[in-house]
Amino acid sequence: MPSEATGSPKLQALGEMALCSSIPTQLAIGWTLRLAGWSPLDAEGNLQLAFVTALTILDTIALIALMVALMRSRRERPSALWLGTRPVPGEVLKGIVHVPIVFSIGAVLLLTMRALTPQLHNVDVNPFEALAGNSLRDAALLTLVAIVAGGVREELQRAFLLDRFERHLGPAWLGVVLLSTALGLGHLLQGRDAAIATGAMGAFWAVVYLRRRSSVAPMVSHG
């Protein structure tokens with residue numbers, strides 16, 4: 001049956017992408033933490049930094065382990081997907097060079113939207129910024145969350161999802177558009193303008209990965 005022969009790999013790829021989208025792992029881990037007595041919100045209804053930190057670190061560990069397991073089940077090497085063949089020191093340097101580019105993308109988009117479409121700025125205080133509090137400890141924990149969730153988890157995840165999409169579902173450029181849109185929607189909690197800027201930066205990192213086939217440079221600039 002031709003339809004079955006062509007449909008099975010696509011369905012498998014979609015299933016793996018859904019499984020590694022962070023939604024199932026974060027829901028499961030968040031539910032477990034709440035069962036253990038941890039609340040994501042404090043008495044005033046604000047996010048709790050300790051809960052966010054635990055959720056982020058545990059989700060990163062679970063997601064990476066899941067992606068590795070799925071790749072090994074297909075006899076794929078995680079190092080080939082995430083490190084490629086380029087020397088790591090050169091990719092680290094490339095990531096540092098990309099930092100002002102990424103900053104410019106975000107800043108220009110945010111400033112332009114606030115000037116031309118101020119209605120998109122619908123969140124006055126970014127809830128994740130508020131987590132920093134007034135102490136050095138809170139600021140350090142928030143930095144850890146940003147590096148782990150952004151620099152590490154999202155870039156390894158982006159490479160995995162792009163690889164599955166490109167192999168089984170469609171051209172790489174379409175994967176960049178769809179995945180970056182999904183990434184932006186995932187940041188709506190920070191505001192519509194922040195979601196658009198985040199999606200654009202995600203598209204930049206996706207293109208960098210596809211051009212270099214290494215997650216190192218995107219991880220460095222994102223972190």
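Modeller: First, a term. A helix here is a DSSP run of H or I with at least four residues, numbered from the N terminus. Bear in mind also that this is a predicted model.

I pick α9, residues 192–212. The helix has 21 residues. Its first and last C-alpha atoms lie 30 Å apart, close to the 30 Å expected at 1.5 Å a residue. Of those 21 residues, 15 are buried, so α9 is largely enclosed by the rest of the structure.

Start with its partner, α5, which spans residues 88–116. The axes of α5 and α9 come within 9 Å. They cross at roughly 150°. Angles over 145 degrees count as roughly antiparallel, and α5 and α9 are therefore roughly antiparallel to each other. Their crossing is right-handed. On the α5 side, the contact is made by E91, K94, H98, I101, V102, I105, G106, L109, L110, M113 and R114. On the α9 side, it is made by D193, A194, I196, A197, A200, M201, F204, W205, V208 and R212.

L185 sits in helix α8, residues 172–185. L185 has 55% relative accessibility, and residues over 50% count as exposed, so L185 is exposed. L185 and A195 are 10 residues apart along the chain. Their C-alpha atoms are 6.0 Å apart.

R213 follows α9. R213 belongs to the loop between α9 and α10. Its phi is near 55°, a positive value in a residue other than glycine. Most residues other than glycine have a negative phi. R213 is partly exposed, at 34% relative accessible area.

S214 is in that loop too, between α9 and α10 (216–222). With a relative accessibility of 1%, S214 counts as buried. Set aside its neighbours within four places in sequence, and S214 is in contact with W82, L83, E91 and Y209. E91 turns up again here: this α5 residue also takes part in the contact between α5 and α9. Look back along the chain from S214 to R192. The two are 22 residues apart, and their C-alpha atoms are separated by 30 Å.

For comparison, take another helix, α2, residues 23–35. Begin just before it. S22 lies in the loop between α1 (2–19) and α2. The phi of S22 is near 85°, positive although the residue is not glycine. S22 is buried, with a relative accessible area of 7%.

Helix α2 itself has 13 residues. From first C-alpha to last it reaches 18 Å, close to the 18 Å expected at 1.5 Å a residue. Its buried residues are T25, I29, G30 and L33. Seen down the axis of α2, these residues fall within an arc of 120°, so they line one face of the helix. The face turned away from this buried side carries the exposed residues I23, L27, W31 and L35. Just after α2 comes G37, with a positive phi of about 100°.

Helix α3 covers residues 49–73, and helix α7 covers residues 136–168. Their axes come within 10 Å and cross at roughly 25°. That makes α3 roughly parallel to α7, and the crossing of the two is left-handed.

Stay on α7 for G150, which lies in that helix. G150 is buried, at 6% relative accessible area. Leave out residues up to four places away in sequence, and G150 touches V145, E155 and H222. H222 brings us back to α10, whose range is 216–222. D124 is 26 residues from G150 in sequence, and 22 Å away from C-alpha to C-alpha.

Back to the part I picked.

Terms used:
Residues are numbered from 1 along each chain as its sequence is written. This is a predicted model: local features need pLDDT of at least 70, side-chain atom pairs count only at pLDDT 80 or more; totals for chains, interfaces and linings use all residues. Side-chain values use heavy atoms; hydrogens and water are left out. The expected span of a helix is 1.5 Å times one less than its number of residues. Buried means under 20% relative accessible area, exposed over 50%, partly exposed in between (1.4 Å probe, protein chains only). The arc is that of the directions from the helix axis to the C-beta atoms. Axes are lines fitted to C-alpha atoms, for helices over the stretch in contact, and angles run from 0 to 180 degrees between N-to-C directions. Angles under 35 degrees count as roughly parallel, over 145 as roughly antiparallel, 65 to 115 as roughly perpendicular and the rest as oblique. A crossing is left-handed if the near helix is turned anticlockwise from the far one by less than a right angle, and right-handed if clockwise. Contact means heavy atoms within 4.5 Å.
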